[in-house]
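Work through the exercises below with the sequence and the structure at hand. Each task is followed by a solution in steps.

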Amino acid sequence: MEFPQSCDTFVVLPPFTQHGVIFGKNSDRPQGEIQEVVYFPAAESSEPTTKVKTPNIKLMHVVIKYCLQCTYIEVDSVSKTKAVILSKPNWMWGAEMGANECGVVIGNEAIWTNDNEGDSDPKVKRLLGMDLVRLGLERSSTANEALEIVTALLEKHGQGGPCSKTDEGFSYHNSYLIADNSCAWVLETCGKHWAAEQITCGFRNISNLLTITTKIDRKSNGLESYAKSKGLWDGKEEFNFSLVFSGEKKPGDARYDAGRNLLQEYSASNKFRETDMFKVLRNKESGICRGCDEAFPTAGSQVSILSSTIPNVHWFTATPDPSRSVFKPFIFTKNAVISKHTICPDKENSHTLYTLYKKAEYKGVGNLLHEMESNCVKELNDVITHVGEDLSEFDELFKDCVETEVKFYR
């Protein structure tokens, strides 16, 4: 199995930003996999209770539990879900990254650990890390709540299963960056065990390696005793999650360091913006951005601005290689819609935007698209700081931008 060479998630918080918290992620995936951008509105249902009369037994109430089918296994459903926008591989239920109507964002990373047997065997079909991203977004109102939901599901069901439609051996554990407009959490896992670090200011990034050391703000019950029982920690040295659980291979070392340096550079002015996050995600020298010809190209990208004073804006490419792609904005509204051109018709075929993008000659078209992106950023920032509670003018914002891009390619 070849280890991915890219996949990075970033967050920048006050005092380094102009508006709230800025989140960004590049999703690298196996060559040829299609990533779609999809929207699911909020949903509400009730679990019915059926009365059943049985011989010699008083009237009983039987609760029928409804289950939700994820990529490989089922989990208990919930009565209410949040509206979500997701960037996801078209063949799986879960998502690489996304946002919900409450201003929660989540991105995940592949990691490899030294504990891969029993409940920690990543080859066994359980919840994919991408399933946990989607479940966390659909069920949470805050970053804190998302952390609790993801870890509870992880402890109950575990994680694992093939993470590629074409390679049964491609499996891994996961790390996550979860954020809202007040804080961020780095969550790193090994099987059903986990540690989390809270970030309330500054910046943070994650790649394909464990990065939580001795600053552990939350953790799974019995984490240290489990590590000791597996012979991974002697109980004498200070408990360091990364040192205890890291495997021999750390495919994200260089990118993690490069990403941290880029965040430091672009945030030095204390005016870090969404366009700075675009630059980070488009950086090819570091390996953070990878082209379409790579074994693990950057298949999709997301940047989110999370604020308590202006509407949250979520930018998605829906196409590979962000240096060639254009970021398009989405805002949650009561009647939000997205374009059919970023949704795959089935698990075997690509969406229209991807197909046209792959056929297009980049020269000329790319410059025009990046100019369109710059104009969109400026115009949106001018409008959004003065908008009131009625956000209906943004109902078709993402749709309009996608369809403009489609016209460029055609």
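## Exercise 1: Covered helices

Eleven of the eleven residues of helix 1 (residues 129-139) are buried, so this helix is largely enclosed by the rest of the structure. The model is a predicted one.

Task: list the buried residues of helix 1, then state how many of the eight residues of helix 6 (residues 274-281) are buried.

Solution. 
1. A residue counts as buried when its relative accessible area is under 20%.
2. In helix 1, G129, M130, D131, L132, V133, R134, L135, G136, L137, E138 and R139 are buried.
3. Helix 6 is mostly covered, with six of its eight residues buried.
4. In helix 6, the buried residues are E274, D276, M277, F278, V280 and L281.

## Exercise 2: Aromatic pairs

Task: classify the ring pairs Y39 with F332 and Y357 with Y409, and say which parts of the chain each pair ties together.

Solution. 
1. Ring planes over 60 degrees apart count as edge-to-face, those under 30 degrees as stacked, and the rest as tilted.
2. The count of aromatic pairs comes to twelve.
3. Y39 and F332 are 6.3 Å apart centre to centre with 50° between the planes, a tilted pair.
4. Y39 lies in strand 3 (residues 35-40) and F332 in the loop between strand 20 (328-330) and helix 7, so this pair ties together parts that are 293 residues apart in sequence.
5. Y39 counts as buried at 17% relative accessibility, and F332 counts as buried at 13%.
6. The ring centres of Y357 and Y409 lie 6.3 Å apart with the planes at 80°, so the pair is edge-to-face.
7. Because Y357 is in helix 7 and Y409 in helix 9, the pair ties together parts that are 52 residues apart in sequence.
8. Both Y357 and Y409 are buried.

## Exercise 3: Charges over rings

Task: over which rings do the charged ends of R134 and R324 sit?

Solution. 
1. The charged end of R134 sits over the ring of F40, 4.4 Å from the ring centre.
2. The charged end of R324 sits over the ring of Y357, 4.5 Å from the ring centre.

## Exercise 4: Backbone exceptions

Task: describe the peptide bond between P14 and P15 and the phi values of N270 and D321.

Solution. 
1. Most residues other than glycine have a negative phi, and most peptide bonds are trans.
2. P14 and P15 are joined by a cis peptide bond, with omega about 10°.
3. P15 lies in the loop between strand 1 (8-12) and strand 2 (21-28).
4. N270 has a positive phi, near 60°, and is placed in the loop between helix 5 (253-266) and helix 6.
5. D321 is not a glycine either, yet has a positive phi of about 50°; D321 is in the loop between strand 19 (313-316) and strand 20.
6. N270 counts as partly exposed at 36% relative accessibility, whereas D321 is buried at 3%.

Technical notes:
Residues numbered from 1 in each chain as written. Predicted model: local features only at pLDDT ≥ 70, side-chain atom pairs only at ≥ 80, totals over all residues. Heavy atoms only, no water. Buried < 20%, exposed > 50% of the residue type's maximum accessible area, 1.4 Å probe, protein only. Helix = DSSP H or I, 4+ residues; strand = E, 2+ residues; numbered from the N terminus. Phe/Tyr/Trp six-rings, centres within 6.5 Å; stacked < 30°, edge-to-face > 60°. Lys NZ or Arg CZ within 6 Å of the ring centre and 35° of its normal.
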